[in-house]
Amino acid sequence: MNAPHPQSPDLSSISALRRLQTRSISPENFDGAVGGGGRATEGTGASAARDLGPGWKISPSVDIKAGETLDLATIDGPGRITHIWITTHTDNWRTLVLRAYWDGAEEPAVEVPYGDFFCNGWGVFAQVNSQAIAANPHGGFNSYWPMPFRTGARLTIENTSVVDVRVYYQVTYEIGGDYSADGYFHAQWRRSNPLEELVPHTILEGVEGQGQYVGTYLAWGVNSNGWWGEGEIKFYLDDDTDHPTICGTGTEDYFGGAWNFDIPGQGYTEFSTPYLGMPQVIRPDGLYVSQQRFGMYRWHLLDPIFFATGIPKVDIQALGWRSGWRYLPLRDDIASTAMFYLDRPTARRPKSPTADDMEVHLGTAPVPDIGAMPPRAPQE
């Protein structure tokens with residue numbers, strides 16, 4: 001694949017003049033048209049702006065009805081998405097599915113639950129401070145993954161829940177560059193719940209073509225006591241079959257930590273850096289939240305994993321410890337999101353996730369209404 005895109009400036013080149021133009025799509029300018037923003041006369045903010053009139057935040061958001069799909073952005077011609085900002089209520093983070101289609105393809109290159117794409121897979125907010133993804137209070141999600149396309153792009157969100165969902169968003173993109181040699185951005189989601197016995201969790205498989213693997217996010221739910229992160233991640237590249245070219249040394253090692261992510265006296269310790277982190281640790285609460293859950297990301301931005309003909313498989317083991325200092329295979333709840341660039345707009349992918357596939361059971365039992373409960377029986 002090519003070197004980093006010349007139109008992806010850092011601070012040393014941000015002053016360079018480039019013959020590009022910026023466009024942005026939001027509920028205030030659904031098609032990104034020149035001079036098309038702030039023209040709405042109806043929308044979700046119309047009532048609040050009734051004393052002010054057009055131009056005063058009349059259409060800041062959209063409602064997606066239960067079971068329906070919204071087109072976030074449809075772009076004709078070549079370009080490159082440079083930033084996505086989006087927010088909705090936390091209850092919706094594992095009921096919405098984000099998809100992206102490149103160059104008129106019928107199959108999506110991106111198909112990931114909304115929260116997982118932004119490193120918040122458990123429906124509980126975690127601050128993420130990374131170069132590719134930023135998650136800010138309280139649920140302001142940002143993606144800086146470059147997403148180039150040659151003839152067009154389409155971004156959608158499907159609402160798989162039984163209630164309507166309100167979404168605020170802005171998709172910013174550039175036009176006027178040469179994107180003919182760029183790879184297409186892909187993201188795929190898989191979940192093992194629970195993981196099969198003595199079987200690694202599959203992160204990616206069966207991808208054909210040239211490209212580079214650039215990122216992993218894991219939402220890991222532990223289903224047993226003890227340490228859970230001894231398992232190795234393995235990258236099978238090009239002609240690899242029985243053995244991988246890249247084999248890690250442990251789960252916490254791959255995500256840049258060590259020794260159980262444990263600062264003595266503090267236990268599991270959250271961290272978030274530009275390229276890797278474990279920003280989320282959900283601890284038992286003594287009532288409904290009975291098991292530990294973690295969120296971890298690893299961006300291969302300075303160390304992309306290149307492949308010439310494909311990626312047969314990427315997988316990760318779930319291992320703890322048992323008596324006699326022996327490894328203990330685990331059967332945890334593991335959801336993964338894999339990010340990669342490919343020389344084609346479609347790739348082999350898993351089946352589309354359903355509401356049941358994505359569902360998080362995390363302290364959702366209703367609190368009883370004491371006033372509505374029948375009186376207690378008298379004690380004997």
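Gln-280 is buried, with a relative accessible area of 3%, where buried denotes under 20% relative accessible area, exposed over 50% and partly exposed in between (1.4 Å probe, protein chains only). The residue is placed in strand S21, residues 276-282, strands (E, at least two residues) being DSSP runs numbered from the N terminus. Beyond its neighbours within four places in sequence, Gln-280 is in contact (heavy atoms within 4.5 Å) with Trp-122, Val-124, Phe-125, Ala-126, Glu-270, Arg-293, Phe-294 and Gly-295.

The model is predicted, and local features need pLDDT of at least 70, side-chain atom pairs count only at pLDDT 80 or more, and totals for chains, interfaces and linings use all residues. Residues are numbered from 1 along each chain as its sequence is written, and side-chain values use heavy atoms, with hydrogens and water left out. The mean pLDDT (the predictor's confidence in each residue, from 0 to 100) of the protein chain is 93, and 93% of its residues reach 70 or more. Over residues 1-7, however, the pLDDT is below 50, and this stretch has 17 contacts beyond near neighbours in sequence.

Terms used: Helices (H or I, at least four residues) and strands (E, at least two) are DSSP runs, numbered from the N terminus.
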